[in-house]
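Here are my notes on the model you sent.

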Amino acid sequence: MQRELYETLVLSDHEVRSVFDWTGAVAALGAAYAAPLAEAGFPPRTMARGEGVWLRSLTGIMPGQAVMGAKLIAASPVAGAASYLISLFDGQTMALDALLDGNAITGFRTAATSALAARRLLAQSRPRVAVIGSGFEARTHLEALAQSGPLAQVLVFSPREASRAAFCAAMAEKGIAVTAAASAEAAVAASDLVICAARSRDETPTLLGRWLRPGMTVVSIGSTLPEQREIDSVAVARADLIVADMVEEVAHDTGDMIAAHSEGVAFADKLVSLAEVVGGRHSGRGDARQIMLYKSVGGAIQDLAVAGMCAARARRLGIGSTIPAPIRPVSKGK
């Protein structure tokens, strides 16, 4: 069998950022989650652990099988360093279609998915927003929300006053007015939507359930491993509906839910997948007084949807480089 030669698009982190578009990302994610998803197409992530290092892999086959791919994350919490790589394969030819630096995409896809979820769960079309945290995730989440619909006001809290001021200044440059709050509780008290985008150094929850009022929506994205905490068990108990991007991983592999379970909080009967809500197979919010909680650990469907959108835009705009990518025949018995 003669080998066929294709060209693989290669995008650096800078090039990914140059072609990224919030509206396109949310649209791509909405289309992906609305389609029927085969469970086998998105298996649980794997984690290889070493001495102070880990390698995580997320793989998936997109609905319709036009694209399949994977994201690899190599990280050293001790060194404070990480690298991300996303590969996209053509689902028909098996050609390696694109290789993308996944650093920015990881943050962008999380925020865009949160915006998609929040707009489905909010009781208000123009919410007042509290952002807990002032780093990259907090900034991207606020950008995604602002691009997905109107906001009435935005308050931010993080422990350091300088960080709050820097966050307000950075968002002002993007046309988003933000006011610094004196405490997380004060920010939540004046808001309808809470974005949890930071964990404390000792993993003490940064959002307490007793602060929540009927009708609120909470987006929690910072607890993705068993040892991590972001919200307390009271917040889990008070939620009328918990929407998860990856139900099994949220339920069993996140510190917030593990702690809630150990403290006797039952949540299995109110835990549903984001795909069910976006696809219209679950109604989501039942009434305006319910408390909604969206919990995210991230998933391959998000990485592949946003990476695919970026790769398509890059090809149209002539951005990026290419490398030859031969397709090899499969040997029998392999």
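1. Which residues is Gln-147 in contact with, leaving aside its neighbours within four places in sequence? The model is a predicted one, and in it the contacts of Gln-147 are Trp-22 and Thr-23. Gln-147 belongs to helix α4, which covers residues 136–148.

2. Is Gln-147 buried or exposed? Gln-147 is exposed, because its relative accessible area is 52% and the cut-off for exposed is over 50%. Gln-147 and Arg-210 lie 63 residues apart in sequence. In space, their C-alpha atoms are 30 Å apart.

3. Next, the hairpin. Strand β2 spans residues 46–49 and strand β3 spans residues 54–61. The two strands pair in the antiparallel sense, over 4 bridges. Between β2 and β3 there are 4 residues. Gly-52 sits in that turn and has a positive phi of about 75°. Across the pair, Arg-49 stands opposite Trp-54 in β3. When you look at the side chains here, keep one rule in mind: in a regular strand they alternate between the two faces of the sheet.

4. Now the cysteines. How many disulfides does a search of the whole structure find? The search returns 0 disulfides. Cys-168 is in none, and the nearest cysteine sulfur to it, that of Cys-196, is 18 Å away. Seen from the other end, the closest cysteine sulfur to that of Cys-196 is in Cys-168, and the 18 Å between them is too far for a bond. The cut-off for a disulfide is within 2.5 Å.

5. Are these two cysteines buried or exposed? Cys-168 counts as buried, because its relative accessibility is 15% and the cut-off is under 20%. Cys-196 is also buried, with a relative accessible area of 0%.

6. Last, please look at Lys-270. This residue is in the loop between α9 (255–262) and β13 (271–273). Lys-270 is buried, yet has no salt bridge. Which side chain of opposite charge is nearest to Lys-270? That is Asp-269, at 6.3 Å. A salt bridge would need a nitrogen-to-oxygen distance within 4 Å.

7. What does the side chain of Lys-270 reach at 3.0 Å? It reaches the backbone oxygen of Val-236. Not counting residues up to four places away in sequence, Lys-270 touches Val-236, Ala-237, Arg-238, Ala-239, Asp-240, Leu-241 and Ile-242.

Key: Residues are numbered from 1 along each chain as its sequence is written. This is a predicted model: local features need pLDDT of at least 70, side-chain atom pairs count only at pLDDT 80 or more; totals for chains, interfaces and linings use all residues. Side-chain values use heavy atoms; hydrogens and water are left out. Two strands pair if DSSP finds at least two bridges between them. Buried means under 20% relative accessible area, exposed over 50%, partly exposed in between (1.4 Å probe, protein chains only). Contact means heavy atoms within 4.5 Å. Lys and Arg count as positive and Asp and Glu as negative; His and the chain ends are not counted. A polar contact is a pair of N or O atoms within 3.5 Å; within protein, one must be able to donate a hydrogen and the other to accept it, and residues adjacent in sequence count only if both atoms are side-chain atoms.
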